[in-house]
Amino acid sequence: MLLGLWLSLSMAFAETTSDIEVLVKGMVCSFCVQGVEKKFSGEDAVEKVEVKLDESKVLLWIKDDQSLADDTINRLIKDAGYNVESITRTETSSTPTPDTPPPAK
Amino acid sequence: MLFYILLTLNQAFAHPVTFKGGLAVTSIHRPKMTMSQVNYTVHRNVAVATSYVRMENPAGDLNMPALHANILLKRWNALGSQGNLYGLIGAGINTPSLSSTWTDELRGFVGVQADYETQKIYTAANVIGFPSLNDMNDLPYMARYRFGIAPYIAKYDEFQIWVVGQVEYMPTMQDTPIVTPMLRYFYRTVLWETGVSLDGTYWFQMMAHF
């Protein structure tokens, strides 16, 4: 039973914890959210993007065997019209630089 | 002083520049005034735009489609807030109604806009003028200042309401400023505003980003 509980918690944690957390300056409205989501959704390495407007954070989930460099994150945020305050990576996320190309098919 | 004004100002009537690749559509309607704009942001600081302006002035009508550039001159980004200074420059051809004393002519389309916003307040001011290229004293313009408060903070997927107060001044159309309390409704990337001025005229605005 304890093992089952531990597995459930582990899976829930794995599903909800992002690989990269970006603190962004200048995001204040839904229009801002749309711009940021569009920029990151167009990146091959990004599996999922979520913007927490009330916390000024962009959460990124990265595809297996791929990564997203800090320079790329900075460029995408800047193209959306904002500035990066900080980038935090979880311990399990990939090496930040350079971008890892998608695996050959 | 300018910094203070910007801090007490904010988010616009239209967003002159959005994000690179972003398309914005906005349309403002009053009984004697219409202003519609479509803009496409080609660079994070520049958008190309087309506008249509209608002003029913006692001296002559303005009925003008225009092409212009919207330029983000300066943006101040901070955690939870944003301030902007924009410039607009272009030209259009005014084709007033037959009953108007004005004639068809090329006119400029120039403006400046400043805004500041957080998730709880926003304030903005802009002035847009349509100078005659034949007579620089012939300068119909519209000036607006507004201040808005969000009674609560909604998330991206939730319905947001703002309470907004606006003062407009369009001297070629009306001698006195028009004061309009209004409500702004915001859901995802679509925005509507409805209000009635203290002298009884309606205000309607729609804005959407794609």
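**Close-up views of a predicted two-chain model**

**Figure 1. Strand S1 of chain A and its pairing partners.** In this predicted model, Leu23(A) has Lys57(A) of S3(A) as its bridge partner. S1(A) and S3(A) are antiparallel and share four bridges. S1(A) also pairs with S4(A), again in the antiparallel sense, through six bridges. The side chains of S1(A), which covers residues 20-25, alternate between two faces. Ile20(A), Val22(A) and Val24(A) point to one face and are buried.

**Figure 2. Helix H3 of chain A and its buried face.** Which residues of H3(A) are buried? They are Ile73(A), Leu76(A), Ile77(A) and Ala80(A). Viewed down the axis of H3(A), the buried residues fall within an arc of 95°, so they line one face of the helix. An α-helix has 3.6 residues a turn, so residues three or four places apart point the same way. The elements covering the buried residues of H3(A) include S1, H2 and S4 of chain A. After H3(A) comes Gly81(A), with a positive phi near 110°.

**Figure 3. Chain A as a whole.** Chain A contains three helices and four strands. Along the sequence these elements follow the pattern α-β-α-β-β-α-β. Of the 105 residues in chain A, 33% are buried. When contacts in chain A between residues at least 6 apart in sequence are taken, 67% of them join residues at least 24 apart.

Figure 4. Glu55(A) sits in the loop between strand S2 (46-52) and strand S3 (57-62) of chain A. Glu55(A) counts as partly exposed because it has 14 C-beta neighbours inside 10 Å. Met27(A) is 28 residues from Glu55(A) in sequence, and the two C-alpha atoms are 9.5 Å apart. Asp65(A) belongs to the loop between S3 and H3 of chain A. Is Asp65(A) buried or exposed? Asp65(A) has 11 C-beta neighbours inside 10 Å and therefore counts as exposed. Asp65(A) is not a glycine, yet its phi is positive, at about 65°. Most residues other than glycine have a negative phi.

**Figure 5. The contact between chain A and chain B.** Chain A contributes 22 residues to the contact and chain B contributes 24 residues. On the side of chain A that touches chain B, helix H2 (30-41), helix H3 (70-80) and strand S4 (83-89) each supply at least two residues. H2(A) gives the most to this side, with seven residues. By class, the side of chain A that touches chain B holds eight nonpolar, seven polar and seven charged residues. For the complex, the predictor gives an ipTM of 0.76 and a pTM of 0.81.

**Figure 6. The barrel of chain B.** In chain B, 12 strands close into a barrel with antiparallel pairing. The strand order is S1-S2-S3-S4-S5-S6-S7-S8-S9-S10-S11-S12. On average, neighbouring strands of this sheet are turned by 20° against each other, direction ignored. Strand S2 (residues 33-43) and strand S3 (residues 46-56) of chain B are antiparallel and are joined by 10 bridges. Tyr40(B) stands opposite Val48(B) of S3(B).

**Figure 7. Val164(B) in strand S9 of chain B.** Val164(B) is part of strand S9 (residues 159-169) of chain B. Val164(B) counts as buried because 22 other C-beta atoms lie within 10 Å. Apart from neighbours within four places in sequence, Val164(B) is in contact with Arg146(B), Gly148(B), Met182(B), Arg184(B) and Glu193(B). Ala24(B) is 140 residues from Val164(B) along the chain, and their C-alpha atoms are separated by 21 Å.

Figure 8. Arg188(B) is located in the loop between strand S10 (178-187) and strand S11 (190-196) of chain B. The phi of Arg188(B) is positive, about 50°, although Arg188(B) is not a glycine. Arg188(B) is partly exposed, with 16 other C-beta atoms within 10 Å.

**Figure 9. Confidence along chain B.** Chain B has a mean pLDDT of 89, and 91% of its residues reach 70 or more. Over residues 1-12 of chain B, the pLDDT is below 50. Beyond near neighbours in sequence, this stretch has 27 contacts in the model. Where pLDDT is low, the predicted coordinates should not be read in detail.

How values were computed:
Residues numbered from 1 in each chain as written. Chains lettered and ligands numbered in written order. Predicted model: local features only at pLDDT ≥ 70, side-chain atom pairs only at ≥ 80, totals over all residues. Contact = placed C-beta atoms within 7 Å. Nonpolar A, V, L, I, M, F, W, Y, C, P; charged D, E, K, R; others polar. Pairing = 2+ DSSP bridges. Axes fitted to C-alpha atoms, helices over the stretch in contact; angles between N-to-C directions. Buried ≥ 20, exposed ≤ 12 C-beta atoms within 10 Å, placed from the backbone. Arc of directions from axis to C-beta. pLDDT = per-residue confidence, 0-100.
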